[in-house]
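Dear colleague,

Please find the structure below.

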Amino acid sequence: MRISVLVVNQSLGFRKDIQGLRGLAVALVVIEHATPYVPGGYIGVDVFFVISGYVITQLLMREIDERGQISLKDFYSRRIRRLVPALSIVLLFTLVASVFVLSPGLEQEKLVSAAFASFFFIANIRYIAEGGYFFLQSDPLRHLWSLGVEEQFYLVYPILMILALRVSKSRRISFARLMLALLVVISVVSFCLGSLLAYGVRILPLPSRLSFFGTPFRFWELMFGGILAVVLVKRPLVLSGVYRIGAQVAGYLLILVPAFTYGPFTLFPGVTAVPPVLGTTLLILSGSNESHFFNLMTWKMWIFLGDISYGLYLWHWPLIVFVERLYPENFAAVLMSVGVAILLSSFQLRFVETPIRFRQDIVGKVALKLFGITTVILLAVGGLVVGLSRSGLNLDNQAQFDSMQRFADNCSYPGLEEKLNPKCTSESGGPTRLLLIGDSQAAALADGFVAVAESLGAAYGVVFANSCPIHLRPNELRESCAEFQNSVPGIIKEFKPTVVVVANASDLYVTRGGFGKPDTQIRREDGSLPKNYQEALDNWTSGVRGAMVSDSLVKLPLIYVQMVPISPIKTATLLRPVDNLSTFSLADGFDRNLIVEAEAETFSDLPRVAVLDPARALCPDGRCQLTHAGKPIYNDLYHLNPRGAMLLAPDLQQLVQSLSK
């Protein structure tokens, strides 16, 4: 049998297989966003990172070979020509479309800030700095965080190479060896720190957000490609056909298995990013342009997707978000939006990206002028969108939400130690003493709770801590949660309640505690983090039950108020004016319904614990109210306003009376 031989050499230039690999990467991301079939498709971004590190290092190493130096002016001019025109078109389209598809106010104004952050390649920093978990439910530009990571890397990387080149010349040592050593050291540090943060070790604040969005903790993925380029640039690697086939099969498996098996609760990135990163490296190492050797990535379909990968990555998510908003739960419409994204990307590649990318006269000051003109246009359009948004567009801005003042606004925990704020208590002299504790759900329930206490002539107290549920183990991403939990026994001892009402936003710690919402983190009993949805649900219910039978609560009658039905975004837009905004289907809250069912089951053998499901009052016949007497009852997607809380008061009062007998 004849064994073919491949010589991997970086001087070969454009490689079809790498372009095809780009196509695979963007396909994984788009399919994950548009369908439920590839839950780990987000690893396509990591494939992109490795390819980018490899290609950029290869180009810079070649420039050093040919010129003996790196021109920062040429490098950054190329980046402007490559990225800015296409990005600007998508951002401008998204801003203009938002006027018609999104609601005036918070939605449109957050989108404008996202557009500016994306254009200046700091979207990832914006997500790190974003306080709380109230992101725009479907941010049309949230996928552009990865551009921020890449461009911040490119801001530093050529400078690092220039410094290494100067040191190698002055010390008369091999530039390739010095560069390789630097990349290995930086990669190891980046990987170790990123893995610790991904696991939740608080070596820095907001560890999960930093590990996912933080450029320094993604460096190792880009540098993996850089290391490969440096190793191969001077030492071409010879692979026999057998080893080459083995490397390709392993590479595909290391990418595709995570794509189909990872999901929302995979601890990512860090160690779990190693398989797709290693798989991409193997595919680059084993690929070539040789037409006689079978390579999936040289198929025309993959090369086509690779050619339009940048545009397709930019276009697909805004179109999906807008279509889902206009045609909710319409899978065919989502698929059509992906088709439109492919068409727009193809058009944009031919008439915008390619002509500008290869314009050698757009360099230096001319490139900066292009960037400056685009900036002015974007700022002008963004300012116009904000102005239109603040005008209200003649729409009912309170069609769904209404931020009324709450009784509990001054009842949050920090600084209270083990005593209740006097403004949040009332002494009646009667035998019934009611205490409301929990997270932000307790705050949202407070006005209804106080109405019940006053109706019964009972003493009452209220204390809550945002994102800090009543649970055996604290949410580690809020530093006050452990302190709050430790103080609850003292608060109970000091107030001496006869009935305790507990309210938790359970969805936050099960569904929204997963991938992409890195704002909560509650460990399992053995100290590990949940790896999938079922583990997260089991961890939640076991921890809540454990809290209800803890020493401080075990002898007290308890009312456990469950998560309210999660309201969809149904505020009025120009393309969907106020119509049918009064109700939504309880069945749409699939995850929420699973959670409340599991909570009810875990308390079923505890007769002193009564469970109050808000859906009983808010969702007669399976349709949940958004308004009462023509006025909104929600403060936001996850919390009732005081008007809504009053709707729960009759059921709450009935339970208090039954437990007080």
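Rings of Phe, Tyr and Trp (its six-membered ring) are taken as a pair if their centres lie within 6.5 Å; planes under 30 degrees apart count as stacked, over 60 as edge-to-face and the rest as tilted. Ring pairs of this kind join Phe75, Tyr76, Phe153, Tyr154, Tyr157 and Phe219 into a cluster.

Please note that this is a predicted model, in which local features need pLDDT of at least 70, side-chain atom pairs count only at pLDDT 80 or more, and totals for chains, interfaces and linings use all residues. Residues are numbered from 1 along each chain as its sequence is written, and side-chain values use heavy atoms, with hydrogens and water left out.

The structure holds 28 aromatic pairs. One of them is edge-to-face, because the rings of Phe48 and Tyr313 have their planes at 70 degrees, with their centres 6.2 Å apart. This pair links distant parts of the chain, 265 residues apart: Phe48 belongs to helix H2 (residues 44-67) and Tyr313 to helix H13 (residues 309-326). Helices (H or I, at least four residues) are DSSP runs, numbered from the N terminus. Phe48 and Tyr313 are both buried, that is, under 20% relative accessible area (1.4 Å probe, protein chains only).

Ser211, in helix H8 (residues 207-213), is also buried, with a relative accessible area of 1%. Beyond its neighbours within four places in sequence, Ser211 is in contact (heavy atoms within 4.5 Å) with Gly194, Leu197, Ala198, Phe217, Arg218 and Pro269.

Terms used:
Helices (H or I, at least four residues) and strands (E, at least two) are DSSP runs, numbered from the N terminus. Buried means under 20% relative accessible area, exposed over 50%, partly exposed in between (1.4 Å probe, protein chains only).
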